[in-house]
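Please keep the structure open beside you as you read.

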Amino acid sequence: MKRLLQRDVWVFDLDNTLYPAHTAVMSQVEARMTEFVMQLLDLDREAAFKVQNSYWHDYGTTLNGLMVNHGIAISDFLDFVHDIDHSVLQPNPVLAGHIAALDGARIIYTNGSVRHAENVLARLGLDHLFEGIFDIAAADYTPKPQRESFDRFIKRHAVNPARAVMFEDSARNLETAAGIGFATVLVRARENIGNGHTAGPGEHPEFVDYAVDCLDTFLGEVVEGFKETPA
């Protein structure tokens with residue numbers, strides 16, 4: 001915990017990080033992505049899903065693959081895939097209290113859109129706690145884990161990685177962050193959800209400083225650590 005107590009920039013991924021991965025949010029988004037690819041390329045669901053996953057693997061996001069290979073209208077894609085039922089999310093006052101107690105800058109860094117992030121944060125009761133949202137548009141549609149995306153984030157928010165902590169459900173995103181100098185916290189799913197992105201139970205790559213199964217509990221320990229550390 002000592003490594004985190006020396007930091008004062010708190011960078012949070014959004015989906016499957018600020019809420020448990022089993023919550024039916026990204027499953028809706030992923031289904032909408034498949035439907036978008038089906039309509040765009042006139043494919044059945046199985047073939048569209050293969051294209052979707054191939055683009056995610058090769059280009060960092062399905063959106064990037066569609067942009068490179070099909071020249072889609074970005075806003076059309078983002079509006080379509082984020083048109084989901086956010087009511088599956090419930091307010092989390094415990095998490096809100098812990099995040100509010102973190103001294104320093106608090107920033108959302110997501111491969112999604114600002115609109116989606118705002119909807120998620122509002123449902124969780126966290127919308128008043130962050131000074132900024134850095135989304136895929138702010139990254140010029142270059143997604144995590146690409147270094148160029150991180151460089152844009154660092155420049156936009158004047159972040160010193162040596163002072164920053166990054167919370168993520170994706171190990172490959174944290175690998176880039178760790179290489180730059182961020183302290184890293186991997187938020188794991190409590191069960192394997194099979195999306196190829198979110199870390200499963202027990203996963204703890206060597207470049208990750210802390211791998212946790214409950215963000216609420218871990219942040220509570222961090223906050224207590226600040227209270228016990230002399231100013």
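1. Leaving aside its neighbours within four places in sequence, which residues is Phe80 in contact with? The contacts are Arg32, Glu35, Phe36 and Gln39. Please keep in mind throughout that this is a predicted model.

2. You will find Phe80 in helix α5.

3. Helix α3 covers residues 45-59 and helix α4 covers residues 62-70; their axes lie 7 Å apart, at an angle of about 95 degrees. An angle from 65 to 115 degrees counts as roughly perpendicular, and that is how α3 is placed relative to α4.

4. Who meets whom in this packing? On the α3 side the residues are Gln52, Tyr55, Trp56 and Tyr59. On the α4 side they are Thr62, Asn64, Gly65, Leu66, Val68, Asn69 and His70. Sorted by class, the residues of this contact comprise five nonpolar and six polar, with no charged ones.

5. The loop between α3 and α4 holds Thr61. Is Thr61 buried or exposed? With a relative accessible area of 10%, Thr61 is buried. Not counting residues up to four places away in sequence, Thr61 touches Tyr55, Trp56, Asn111 and Pro143. For a sense of distance, Asp8 is 53 residues from Thr61 in sequence and 29 Å from it in space, C-alpha to C-alpha.

6. Now to the open spaces. The largest pocket has a volume of about 590 Å³. Its lining is made up of 35 residues, and those nearest the centre are Met26, Glu30, Met33, Trp56 and His197.

7. Which helices supply at least two residues each to the lining of the largest pocket? They are α2 (26-41), α3, α4, α5 (74-81) and α9 (171-180). By class, this lining has ten nonpolar, 18 polar and seven charged residues.

8. Finally, the second largest pocket has a volume of about 330 Å³. Of the 23 residues that line it, Leu18, Tyr19, Pro20, Ala21 and Asp216 lie nearest the centre. The classes here are 13 nonpolar, six polar and four charged residues.

Conventions:
Residues are numbered from 1 along each chain as its sequence is written. This is a predicted model: local features need pLDDT of at least 70, side-chain atom pairs count only at pLDDT 80 or more; totals for chains, interfaces and linings use all residues. Side-chain values use heavy atoms; hydrogens and water are left out. Axes are lines fitted to C-alpha atoms, for helices over the stretch in contact, and angles run from 0 to 180 degrees between N-to-C directions. Helices (H or I, at least four residues) and strands (E, at least two) are DSSP runs, numbered from the N terminus. Angles under 35 degrees count as roughly parallel, over 145 as roughly antiparallel, 65 to 115 as roughly perpendicular and the rest as oblique. Contact means heavy atoms within 4.5 Å. Ala, Val, Leu, Ile, Met, Phe, Trp, Tyr, Cys and Pro count as nonpolar, Asp, Glu, Lys and Arg as charged, and the others, Gly among them, as polar. On a 1 Å grid over the protein atoms alone, a cavity is a set of points where a 1.4 Å probe fits but cannot get out, and a pocket is an open set with protein on both sides within 12 Å along at least five of seven lines; lining residues have an atom within 4 Å of a point. Grid points are joined across faces, edges and corners, and a volume is the space filled by probe spheres set on the points. Buried means under 20% relative accessible area, exposed over 50%, partly exposed in between (1.4 Å probe, protein chains only).
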